Amino acid sequence: MTEHPLYLGLDLSPEYTQLSYYKLDEGVPESICHSDSKDTYLLPNIMFYTDKYKDGTGAKDESGWSVGAVAAGKRFKEDGVVVDRIYQKTIINEDTEIYGTSYKAKDLLVKMLLLHIREFTKQFESYEIRRLVVTIADADIHIIKAVQELQEALHLSDEQFEITSHIDSGIYYIFNQPESLRNNSVVLFDFNSSGLDYYRFDITHNKSPEIVDVFHQNLKDRLTFSAFKKDDEELDEQFAAICQELLAETYVSSVFLTGIGFADNWLKESATILCQGRRVFVGQNIYTKGACYRAFGDRHSKVLDRYLIRSEYTVGFDIGISLNDDSKTFVPITRGGQEWFHTKGKLYIFPDESNQVELIYRNILTGDYDKEHIEIHGLPKRPPKTTKISLEAEFYSAEKGAVVIRDEGFGTMFPTTNKIYRKEFDLKWEK
């Protein structure tokens, strides 16, 4: 039986999930809708569980779960438990009780995403997920850790799975549109349930590396989702004033509007301002399609190969060590230039008599660096080159994290002491 190869882009937002797959025959992403919601790509983040499928032993059968529009429909037709606010509960780490069983929020989030994916893949007799890119609305550590567990649940390797931000997937979408749309700066307005966000992408050419600078303004204090319930004319006036102000700052080739706040037809005065010498596009599935472009890669990733995307999530430093040779050779643990939640790396060293490590933090643009000497205390006396130490960088944000140093021992001859050392860092990237 021939397996259907799938390259998937999944957009996880607080209220909705969106899913797209790469159409190999047409060379473009296609957004999907579930069988009970063909009029929208927005898949509600809601589950429903009924225990009528119990097997008699008290065990809860997986067939009792439903998701999205199917779950929303069942809540009025069957006895069971509605599971909602899953995203929000994951951020605050709030458990949910279902028929006397307590579920961790992150486990419910993973279950929900699996159900969304399986609702789509059940149409195939056989399939293989070649690559899945998940784009997230918030770089919250609880969301990231939960989504990382999705990788394990789907049995995907590191090469088959990636987490990225709405910013990054938005850029991937924009850069896979005609080049004329980005001759100058590009603007993205995201009007969602929490309010309005403004992103401007300034593209620097004729430098090495070429840079996409991302400027982000949180405008939720000026235009909130509650304003959407006001008179359309008033909402239009408020947004028009924002557009008039921000679009006057620089030359803008194109504007992209996304989010459920733009779903209805209320753009009148603001549309006139937006369209003055610019192309304007409205779409709910920009992020999921951008993630899908990234999942497939190939020519779609090459359009961004020469650019450094410099955003609030970008790590601006290489982290590594200096060898004690004449050239003071730099050996990286991690390379900067990527978003912090998929910046990873590990390095093994075999020290001589010294238990000292020199860490180097090097600015990826200027080459300037800071260095730090770390003394690893408490290791047993061993012959030279028989102590194996691992160095691994982990990040909490684009600027903060830790280098984790572990004694790995040296086989059966010199077992590990299981000692772990952590050296925190806080790196300001002067852009």
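1. Two strands pair if DSSP finds at least two bridges between them. Helices (H or I, at least four residues) and strands (E, at least two) are DSSP runs, numbered from the N terminus. Strand S15 and strand S16 (residues 279–282) pair in the parallel sense over four bridges. Phenylalanine 256 has phenylalanine 281 in S16 as its bridge partner.

2. This is a predicted model: local features need pLDDT of at least 70, side-chain atom pairs count only at pLDDT 80 or more, and totals for chains, interfaces and linings use all residues. Residues are numbered from 1 along each chain as its sequence is written, and side-chain values use heavy atoms, without hydrogens and water.

3. Look at the whole sheet next. It is open and has six strands, in the order S16-S15-S12-S13-S14-S17, with mixed pairing. S16 and strand S17 (307–310) stand at the edges with a single partner strand each, so one side of each has no neighbour in the sheet.

4. Isoleucine 211 has leucine 308 in S17 as its bridge partner.

5. Which residue lies in the loop between strand S15 (252–258) and helix H7 (269–274)? Asparagine 265 does. Asparagine 265 counts as exposed because its relative accessibility is 66%. The bands are: buried under 20% relative accessible area, exposed over 50%, partly exposed in between (1.4 Å probe, protein chains only).

6. Asparagine 265 and aspartate 232 are 33 residues apart along the chain, and their C-alpha atoms are separated by 8.9 Å.
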